[in-house]
Amino acid sequence: MNSSDIIAAIALVISVATAIGDIVVSRNINKVNLHSYYFNEIYREHLIAKIPKARKRISLNYNGRLAGYEDMIQEMKDLQNDSLFYKYNDEKYFAKLKEAAQNVEDFLIAGVGETFVGEEQTRFMEELHNLMTELYKTLNNQYVK
């Protein structure tokens, strides 16, 4: 075997390795693009319009009672329902999202019928903000994944 045969063999190995590397990279890019497409289709309206509008309606009225919470409770149910794709595709994420949405829903339901006075109103709104932030973090972490 002469030096030109050795060089040809090395070139062949490098070509095959490069081709395999390209296939792997292309497959990963396609997977990310598909994931991004699904995420966008499922959550676009929720994240940009529905959740912010529902949050805007929530307030404590002049008697210190919770008002405008119904849309957010429904939105949390809709969000969980629309996320069923992930129940079969990514069970861990689905469980985290379900828990985050359920925490918002449970918190609002617990506040119905309560009267919030003074600093209790501030604490209530801060806790709601924290729960909403956790929900968005859960969603964003799945997108960035």
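1. Helices here are DSSP runs of H or I with at least four residues, strands are runs of E with at least two, and both are numbered from the N terminus. On that basis, helix α4 covers residues 91-111, and α4 is followed by G113, whose phi is positive, near 90 degrees. The model under discussion is predicted.

2. Length of α4. The helix has 21 residues, which at 1.5 Å a residue should span 30 Å.

3. Burial along α4. Which residues of α4 are buried? They are Y93, F94, L97, A100, A101, V104, E105, F107, L108 and G111. The list includes a glutamate, E105, and E105 is also among the α4 residues that meet α2. In general, an α-helix has 3.6 residues a turn, so residues three or four places apart point the same way.

4. Packing of α2 on α4. The two helices pack at an angle of about 165 degrees, and their axes are 9 Å apart. An angle over 145 degrees counts as roughly antiparallel, and α2 and α4 are therefore roughly antiparallel to each other. Their crossing is left-handed. From α2, the residues in contact are M72, I73, M76, K77, L79 and Q80. From α4, they are F94, L97, K98, A101, Q102, V104, E105, L108 and I109.

5. Packing of α1 on α2. For this pair too, the axes are 9 Å apart and the angle is about 165 degrees. That makes α1 roughly antiparallel to α2. α1 passes α2 in a left-handed crossing. The α1 side of the contact consists of I42, Y43, H46, K50, I51, A54, R55 and R57. The α2 side consists of D71, M72, E75, M76, D78, L79 and D82. M72, M76 and L79 meet α1, and M72, M76 and L79 also meet α4.

6. Is H46 buried or exposed? With a relative accessibility of 1%, H46 counts as buried; it lies in helix α1. Leaving aside residues up to four places away in sequence, H46 touches I51, P52, E75, D78, L79, D82 and Y136. Of these partners, E75, D78, L79 and D82 belong to the α2 side of the α1 and α2 contact.

7. How many salt bridges does the structure hold? It holds two. One joins the side chains of D71 and R57, at 2.8 Å from N to O. D71 is in helix α2 (residues 70-82) and R57 in helix α1 (residues 3-57), so the pair ties together parts that are 14 residues apart in sequence. D71 is partly exposed at 37% relative accessibility, and R57 is partly exposed at 44%. D71 and R57 are also listed in the contact between α1 and α2.

8. Salt bridge within a helix. The side chains of E119 and R123 meet in a salt bridge at 3.6 Å, N to O. This distance falls within the 4 Å cut-off for a salt bridge. The two residues are four apart in helix α5 (residues 119-144), and about one helical turn separates them. E119 is exposed, with 60% relative accessibility, while R123 is partly exposed at 47%. In general terms, side chains of opposite charge can pair when their charged atoms come close.

9. L60 in strand β1. The strand covers residues 59-60 and contains L60. L60 has a relative accessible area of 18% and is buried; the cut-off for buried is under 20%. Residues up to four places away in sequence excluded, L60 touches R65, L66, F116, Q121, F124 and M125. L60 and F107 are 47 residues apart along the chain, and their C-alpha atoms are separated by 14 Å. F107 is one of the buried residues of α4.

10. N140 in α5. N140 is found in helix α5 and is partly exposed, with a relative accessible area of 39%. From N140 to A100 the sequence separation is 40 residues and the C-alpha to C-alpha distance is 13 Å. A100 is buried in α4.

Note on methods: Residues are numbered from 1 along each chain as its sequence is written. This is a predicted model: local features need pLDDT of at least 70, side-chain atom pairs count only at pLDDT 80 or more; totals for chains, interfaces and linings use all residues. Side-chain values use heavy atoms; hydrogens and water are left out. Buried means under 20% relative accessible area, exposed over 50%, partly exposed in between (1.4 Å probe, protein chains only). Contact means heavy atoms within 4.5 Å. The expected span of a helix is 1.5 Å times one less than its number of residues. Axes are lines fitted to C-alpha atoms, for helices over the stretch in contact, and angles run from 0 to 180 degrees between N-to-C directions. Angles under 35 degrees count as roughly parallel, over 145 as roughly antiparallel, 65 to 115 as roughly perpendicular and the rest as oblique. A crossing is left-handed if the near helix is turned anticlockwise from the far one by less than a right angle, and right-handed if clockwise.
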